Amino acid sequence: MEIIASTLLRNKYNEISKKCKKTNEPIFLTKNGEGDLVLMSIEAYEKKERLLKLKEEILDIEHRRLSGEKFCSLDEAKEEIEKILGL
């Protein structure tokens with residue numbers, strides 16, 4: 001984890017930007033010695049957003065399964081897809 005003072009952002013923006021893109025890790029910015037912001041590349045942000053959405057979908061499905069909702073098996077799903085595709 002990298003932590004830098006927010007005052008360095010103005011003077012070292014290009015260097016910080018390159019580091020974010022190269023490592024795909026966030027950089028934590030401080031202001032007056034306190035945590036203030038997190039800086040990350042767009043690619044890293046989008047990846048985290050996709051992962052979060054996938055986890056939310058899995059949790060929703062698991063909640064529905066535990067509530068008794070019926071789901072088909074993998075074999076049943078495969079048969080249904082083959083039927084739709086005419087295989």
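## Strands and surface patches

In this predicted model, residue I4 stands opposite L29 in strand β2. The strand β1, made of residues 2-5, is joined by four bridges to strand β2, made of residues 27-31, and these two strands run parallel. On a further strand, β3, L37 is the residue that stands opposite L29, and here the pairing is antiparallel, with five bridges joining β2 to β3, which covers residues 34-39. What do β2 and β3 form, and how many residues are between them? They form a hairpin with two residues between the strands, and in the turn N32 has a positive phi of about 55°. As a general point, the side chains in a regular strand alternate between the two faces of the sheet.

The two pairings can be set side by side as follows.

| Strand pair | Bridges | Direction |
|---|---|---|
| β1 (residues 2-5) and β2 (residues 27-31) | four bridges | parallel |
| β2 and β3 (residues 34-39) | five bridges | antiparallel |

Because its relative accessible area is 47%, K48 counts as partly exposed.

A nonpolar patch on the surface is formed by I81, I84, L85 and L87, which together have about 490 Å² of accessible area. Within this group, I81 lies in helix α4, consisting of residues 74-85, and I81 is partly exposed because its relative accessible area is 48%.

How values were computed. Residues are numbered from 1 along each chain as its sequence is written. This is a predicted model: local features need pLDDT of at least 70, side-chain atom pairs count only at pLDDT 80 or more; totals for chains, interfaces and linings use all residues. Side-chain values use heavy atoms; hydrogens and water are left out. Buried means under 20% relative accessible area, exposed over 50%, partly exposed in between (1.4 Å probe, protein chains only). Patches are made of residues with over 30% relative accessible area and no salt bridge: like charges are joined within 9 Å, nonpolar side chains (Val, Leu, Ile, Met, Phe, Trp, Tyr) within 5 Å. Accessible areas come from the Shrake-Rupley method with a 1.4 Å probe; for residues, only the protein chains shown count as cover. A salt bridge is a side-chain nitrogen of Lys or Arg within 4 Å of a carboxyl oxygen of Asp or Glu. Two strands pair if DSSP finds at least two bridges between them.
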